[in-house]
Amino acid sequence: MSRPGPSVLAPPPFIFLGALAVGLVLQALRPLPPFPHSLVARLAGWCLVIAGLALSTAVVIHFRRAETPVTPLRETRQLVRSGPYRFSRNPDYLGQTLVTAGLGLVVASGWVLAALLPALLLVRYGVIAREERYLEETFGGEYREFMNRVPRWL
């Protein structure tokens, strides 16, 4: 019988998409621009989006090489410590944060940026905390050593 994956609140892409959707709806109902919609802000936003997508793509590549699922809804077969995981225990969530923040800048939505904070709290406590418990139970000392060596975010 296979061990289930961590019982996360929701897959993080859905949490970040939810924050984006809530922010866009609130922006349409009651605009909250953090700054003028400028070319510099849009370019900075696109740079964040591209960096976030590149980071999340690297995560997928390293998970595929390790032959373990990316989704936290399935059993982890191997601890991934290569690529972006050398610098962060949660590079995919960092990538998704960059994409969401970047899109907030691209559309000049203060609400998208504001909605990112509760999304990050949900990811931290509803996903990461549960994943960490699961990975420690699954990989024991190997995961504890990884936790001691690599920071949670950066």
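1. Ala108 sits in the loop between helix 3 and helix 4 (helices here are DSSP runs of H or I, at least four residues, numbered from the N terminus). Its phi is positive, near 55°, and Ala108 is not a glycine. With a relative accessible area of 7%, Ala108 counts as buried (buried is under 20% relative accessible area, exposed over 50%, partly exposed in between, with a 1.4 Å probe and protein chains only).

2. A word on the basis. This is a predicted model, with local features needing pLDDT of at least 70, side-chain atom pairs counting only at pLDDT 80 or more, and totals for chains, interfaces and linings using all residues. Residues are numbered from 1 along each chain as its sequence is written, and side-chain values use heavy atoms, leaving out hydrogens and water.

3. Glu67 also has a positive phi, near 55°, in a residue other than glycine. Glu67 follows helix 2 and belongs to the loop between helix 2 and helix 3. Glu67 is exposed, at a relative accessible area of 61%.

4. Helix 2 itself (residues 39-65) checks out on length: its 27 residues should span 39 Å at 1.5 Å a residue, and the end C-alpha atoms are 39 Å apart, which agrees (the expected span is 1.5 Å times one less than the number of residues). Its buried residues are Ala41, Gly45, Val49, Gly52, Ser56, Val59, His62 and Phe63. Part of what covers them is helix 3 (91-106), going by contact, meaning heavy atoms within 4.5 Å.

5. Now the largest pocket, at about 450 Å³. A pocket is an open set of points on a 1 Å grid over the protein atoms alone, where a 1.4 Å probe fits, with protein on both sides within 12 Å along at least five of seven lines; lining residues have an atom within 4 Å of a point. Of its 28 lining residues, Phe63, Val70, Tyr85, Tyr93 and Glu131 lie nearest the centre. Helix 1 (12-29), helix 3, helix 4 (110-139) and helix 5 (141-149) each give two or more residues to that lining, and helix 4 has the largest share, with five. The lining splits into 18 nonpolar, six polar and four charged residues.

6. The second largest pocket holds about 160 Å³. Helix 1, helix 2 and helix 3 each supply at least two of its lining residues; among the lining residues are Phe16, Leu53, Ser56 and Val99.

Terms used: Points joined across faces, edges and corners; volume = space filled by probe spheres on them. Nonpolar A, V, L, I, M, F, W, Y, C, P; charged D, E, K, R; others polar.
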